[in-house]
Amino acid sequence: MSQPVLNTVNIRKTFGGVVALDSVDINVDKGSMTMLIGPNGSGKTTLINVISGFYKPDRGQVTFEGRDITGQPPNKVSAYGLVRTFQIPSPFVKLSVLENLLIASKGNPGESFLKAPLKMTWHKKESEIYDRAFRVLDLLNLKLWDQPAGVLSGGQLKLLEIGRALMTGAKMIMMDEPAAGLNPVLAHKVFAHICDIKQRLGITFLIIEHRLDIALQYVDYVYAMALGTVISHGTGEEVMNDPKVIEGYLGGTCA
Ligand SMILES: Nc1ncnc2c1ncn2[C@@H]1O[C@H](COP(=O)(O)OP(=O)(O)OP(=O)(O)O)[C@@H](O)[C@H]1O
Ligand SMILES: [Mg+2]
């Protein structure tokens, strides 16, 4: 049994009269791919917003690698290695794929005006960042590294988004619907790459996904939410066979 790298305890988040999250406890094991599922409006994105520091919870605690990160701002949370990619990939379309990776890197020497005179340090750091970028390109099988990011397909853009998270030194990556808008073949490719990164680099993933037909075969653990609470959790099979999930999420017939 592996240890949780991230956990939330008793999270509550309201917006005016709307209770978006109530008493949400989740544990994400280190090196796992954990998935959040649930109907529209069940609180999945809000939970990721709370974990990543975009929203402060009204109550409860978020712990990452044993550190209480509750209510800390997003830049601080990502500096700890807990990085979120967004639903719509947003690279700089006119910059090359490689440049998009380089600028995502934490400690990019180009950022630091004060360090510019220290040429030796600068060169060493820069070549390390290039090395890392080419390893990431290789890992994601992104061959169009010198092309503008704007020419990439939807699936490749999702991979670039993961690559940019890796360049920041992410230890855990959170993604909101990585398969949205992709055809099944590309969606499988994206999940297969996520699985590969998880296995080769030991990165932990927390993923929101509606495409259960595709995602379930890749995930280690699933949390099902409805109306702001966790209604079931376990392996994909356990959750999909839980009557509460069938009723609350998968149910419904065409009369
Ligand atoms: N910034 C906000 N202001 C007001 N209400 C919000 C805000 N963000 C979320 N909500 C409300 O909180 C509830 C949960 O929304 P959330 O976006 O987390 O659901 P979700 O599970 O991600 O849904 P979907 O699958 O459609 O993306 C909804 O009722 C939503 O309208
Ligand atoms: Mg959402």
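## Ligand shell and open sheet

Let's start at ligand 1: helix α1 contributes the most to the shell around this ligand, giving three residues. Please keep in mind that this is a predicted model.

The residues around ligand 1 include a run of names you can follow in the structure: Gly 38, Asn 40, Gly 41, Ser 42, Gly 43, Lys 44, Thr 45 and Thr 46. Phe 15, Val 18 and Ala 20 also belong to the residues around the ligand. Two or more shell residues come from each of β2 (18-29) and α1 (44-51). Sorted by class, the shell holds three nonpolar residues, seven polar ones and one charged residue.

Now for the sheet. Six strands form an open sheet with mixed pairing, in the order β6-β7-β8-β3-β9-β10. At its edges stand β6 and β10, and each has a single partner strand, so one side of each lacks a neighbour in the sheet. On average, neighbouring strands here are turned by 20° against each other, direction ignored.

Here are the residue ranges of some of the strands in this sheet:

| Strand | Residues |
|---|---|
| β6 | 82-85 |
| β7 | 172-176 |
| β8 | 204-208 |
| β10 | 229-234 |

Within the sheet, β7 and β8 pair in the parallel sense over five bridges. One residue pair to look for joins Met 172 to Thr 204, its bridge partner in β8.

Finally, have a look at helix α5, residues 154-167, which lies across β6 and β7. The helix runs at about 160° to β6.

Methods
Residues numbered from 1 in each chain as written. Chains lettered and ligands numbered in written order. Predicted model: local features only at pLDDT ≥ 70, side-chain atom pairs only at ≥ 80, totals over all residues. Near = placed C-beta within 6 Å. Helix = DSSP H or I, 4+ residues; strand = E, 2+ residues; numbered from the N terminus. Nonpolar A, V, L, I, M, F, W, Y, C, P; charged D, E, K, R; others polar. Pairing = 2+ DSSP bridges. Axes fitted to C-alpha atoms, helices over the stretch in contact; angles between N-to-C directions. Contact = placed C-beta atoms within 7 Å.
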